[in-house]
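Please look over the model below. The report covers its overall build, its surface and its nonpolar cores.

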Amino acid sequence: MAPISITPWRLVLPAEMKAELFQHLFPGDGDEHGAVILAGVCSSDRGLKLVARELHLAVDGVDYVPGRRGYRMLKGEFIQSRIRRARDLKLAYLAVHNHGGTTSVSFSPDDYASHERGYPTLLDVSRGMPVGALVFAKSAVAGDLWFEGGKRAELKEAIVQGNQREIIWPFPVERAAGSLEKYDRQARLFGDVGQAVLQGQRVGIIGLGGAGSILAELLGRLGVGEFVLVDPDRAELTNLPRLVASRRIDAVISWLPKSLRSRLARYKVLMAARNIRRANPNAKITAFKSNFVFEQVARHFVDCDYLFLAADSMSARLLFNAIVHQYGIPGVQVGAKVPVDAAGNVGEVFCVARPILPGNGCLWCNGLINASRLQDEAISDETRKQYAYVADPQVVAPSVITLNAIACAHAVDDYLFFATGLKNLEAERYWFRWNSRKATVGYDLPRRDFDCTECSVADVSRMGRGDFFGLPTRS
Amino acid sequence: MTAPNANVVKAIDELRACFPDCPLQMTPDGAGGALIEMQAIPLGSPWAQSETWIGFQITYQYPYADVYPHFVRHDLSREDKKPFGPGLGQGHFRGVPAVQISRRSNKLNPATDTATLKLLKVLSWLRSQ
């Protein structure tokens, strides 16, 4: 089994799950109630993260009964079926109950005693998947997680993800105050706390071409603290107009011999990193001059706080969609299309920003990942040459910086209001579409297949499965 | 050479189980997928040949990626001598001349649309031409 980090841990909790849980725990009777959460496990350089996948409510008097030693307890049959499910799906098991109070909470001595009595046995059943407990107050949560070998770790924070990003701690935390001078105008709008949130964010940008270049510039200027970037391509003269702050020398080093001039062109990902550093010299940047789909590259994106997809391959869409749902990371796909037929006629010109929130419908459900094109992308050029393909007319689809800018501005603005907690709870979750020729804005409602292999909670689904489920990556 | 990933290995096991009389040879493609060649696939009418080999690639993104095209013996011909219809053409599989069968899947469901099911559909289509 892959090693699991034993560190103070974070819990990612979908807003809908939190709402359902809180309705159960705090119905207004002032009493104690119970549940179980099964969560995917993610270990990274940022420590341990659990991604809540399933909520199992314990019915009072049936599953949650008067305790032999403590006030209440989960019945053995209820625990048994859930711990076996955790074992089979390779998920962490978290027993949940509530206490009174509001902004701080902790386990009682009786709670800890029951952990010490029961969790070593549960760890045997779970075959090494972590086992633990959560206790909630109205605005606080504490957690105690057990690992094989008798190790334990406390919950650091719970991150509730819906339209807003909400953090819940075991007790009130004094947030780092003070903003850097250059962000002062933004800070007045969002407050020092909001600026500190952005500085603490790690965002991933997949694809640093025309759209990705703009995303990097906007996010850098907002003050996002950490970036993970990936793009395999070098700049070319033809795409310089769409790359922010690009120079001719990025694409062609004219003093070199002709054969080397474009071969030593600058990588787009390094150009984006340059722009981010110019905007925010303190930003931490990890840049991969590579294809996103390689296993060792994709792993760097699984503990980002937000993902931006600006690459147009089906392979990138599949992997982005998988990481969003498997690791509970909200993201957005941006794109623009200028369809041109063989006769040179321009069709409907549009751009899109599609927020992908775990559990809210996904790129696969909505038919935006083409299985045949996935196959085409995966085979080598050498193999493809041997195939008897029907030759499609080769029309180069044009790309335009203004379209990219509209989609990216919408996407980054949406991210900003999400991350700082300023987005309305009831804000729309539609997919944004701008049609340039009609000058119309449209909002597409994403569909959601209830047996989707990516975003549903069917057993076959990768939703919330963390490290113990394969990603569609290339070796 | 990078071995096929777990999903591809499962697909190969399913092919072997469904076609026990058709020897299967697997070659890793180096990216986590595999090139598959199966022998002694029954044919018959409307085809002049009684059996063929069949080859195809299961790529690393299986079961999300479609499994196509498929390749059969290069000398495939109809009993009635008519030319091939749509979906059949001349290509190469691993450098060897072959007849290419191009049948893309629409609305692929990764939970149910296995490589075995795809092969069965392709063979059913081939025998129905």
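What follows is a short report on this predicted model.

## Overall build

Chain A contains 13 helices and 18 strands. Its radius of gyration is 24 Å, close to the 23 Å that the globule rule gives for 475 residues, so chain A is as compact as a globular protein of that length. Along the principal axes, the C-alpha atoms fill a box of roughly 80 × 60 × 45 Å.

## Burial and surface

Of the 475 residues in chain A, 53% are buried. The accessible surface of the chain is about 21200 Å². Carbon and sulfur atoms account for 52% of that surface.

Chain A carries 58 positive and 51 negative side chains. The centres of these two sets are 7 Å apart.

## Nonpolar cores

The largest nonpolar core holds 44 residues. Those with the most contacts inside this core are I206(A), F292(A), F301(A), F320(A), I323(A) and W364(A). Five elements of chain A each supply at least two residues: β12 (226–230), α9 (295–298), β14 (306–309), α10 (314–326) and α11 (371–378). The top contributor is α10(A), with eight residues.

Which residues does I323(A) contact, leaving aside its neighbours within four places in sequence? They are F292(A), A298(A), F301(A), V302(A), L307(A), G328(A), I329(A) and L471(A).

A second, separate core has 41 residues. Among them are I214(A), L229(A), A353(A) and C408(A).

Notes. Residues numbered from 1 in each chain as written. Chains lettered and ligands numbered in written order. Predicted model: local features only at pLDDT ≥ 70, side-chain atom pairs only at ≥ 80, totals over all residues. Heavy atoms only, no water. Core = buried A, V, L, I, M, F, W, Y, C linked by side-chain atoms within 4.5 Å. Buried < 20%, exposed > 50% of the residue type's maximum accessible area, 1.4 Å probe, protein only. Helix = DSSP H or I, 4+ residues; strand = E, 2+ residues; numbered from the N terminus. Contact = heavy atoms within 4.5 Å. Rg over C-alpha atoms; globule rule 2.2 N^0.38 Å. Areas by Shrake-Rupley, 256 points an atom, 1.4 Å probe, with all protein chains shown as cover. Lys, Arg positive; Asp, Glu negative; His and termini not counted. Charge placed at Lys NZ, Arg CZ, Asp CG, Glu CD.
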